[in-house]
Amino acid sequence: MKLIFQYNDLVTRQKTELLNEEGVLLYYGIYDFSYKYRTRIFDQEGIEVSYVEKQITAERDTVCFYAADGTKSGALIRKEGKLVSEDGDLVYEGDLRKGKIEGLMEVSDGCLKIEKEEEVLKCLQILFSLVEIDR
């Protein structure tokens, strides 16, 4: 599965639309100004499906993933210069413009390639976390 987005919208925290290859809106992310360090993720019908939020009190750079109801589902942590999942199973290699997690996803200049469609939400959480973790 491929999702196309405007890289500049992502890095400047504008509304970031994620479109399929036919140009149909599937998801979008919006930086939430009322909660600093949070980005909310919505489906094509405007229903919030998740949000990511940088934990400013954590010892390491950490961005947590949440379901729309506030249930934590994971985190991305900067550890020894690398971005890893909270459980250490996933390692993101690269930067916001271009990078990947082997077997899960790849980001390349405005394109998010997802290996397994059932992991789309996790991949979106990671994509938006890449912006927040560098703040």
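Helices (H or I, at least four residues) and strands (E, at least two) are DSSP runs that are numbered from the N terminus. The model is predicted, so that local features need pLDDT of at least 70 and side-chain atom pairs count only at pLDDT 80 or more, while totals for chains, interfaces and linings use all residues. Residues are numbered from 1 along each chain as its sequence is written, and side-chain values use heavy atoms, with hydrogens and water left out.

**Exercise 1. Determine which elements the protein holds and how its radius of gyration stands against the globule rule.**

Step 1. The secondary structure comes to two helices and twelve strands, and from the N terminus on the elements run β-α-β-β-β-β-β-β-β-β-β-β-β-α.

Step 2. The radius of gyration is taken over C-alpha atoms, and the globule rule is 2.2 Å times the number of residues to the power 0.38. For 135 residues a compact globule would have a value near 14 Å, and the protein agrees, because its own radius of gyration is 14 Å.

Step 3. Along the principal axes, the C-alpha atoms fill a box of roughly 40 × 35 × 25 Å.

**Exercise 2. Describe the lining of the largest cavity, and state which element supplies its largest share.**

Step 1. On a 1 Å grid over the protein atoms alone, a cavity is a set of points where a 1.4 Å probe fits but cannot get out, a pocket is an open set with protein on both sides within 12 Å along at least five of seven lines, and lining residues have an atom within 4 Å of a point. Grid points are joined across faces, edges and corners, and a volume is the space filled by probe spheres set on the points.

Step 2. The structure holds one cavity of 30 Å³ or more, and the largest cavity has about 50 Å³ of space.

Step 3. Its lining includes Asp9, Arg13, Tyr31 and Phe128. Helix 1 (7–11), strand 3 and helix 2 each supply at least two lining residues, and the largest share, three residues, comes from strand 3.

**Exercise 3. Find the space in the largest pocket and the element that gives the most to its lining.**

Step 1. About 170 Å³ of space lies in the largest pocket. Of the 13 residues that line this pocket, the closest to its centre are Phe65, Gly74, Ser85, Leu90 and Lys122.

Step 2. Strand 7 (72–79) and helix 2 (120–133) are the elements that give two or more residues to the lining, and strand 7 gives the most, with four residues.
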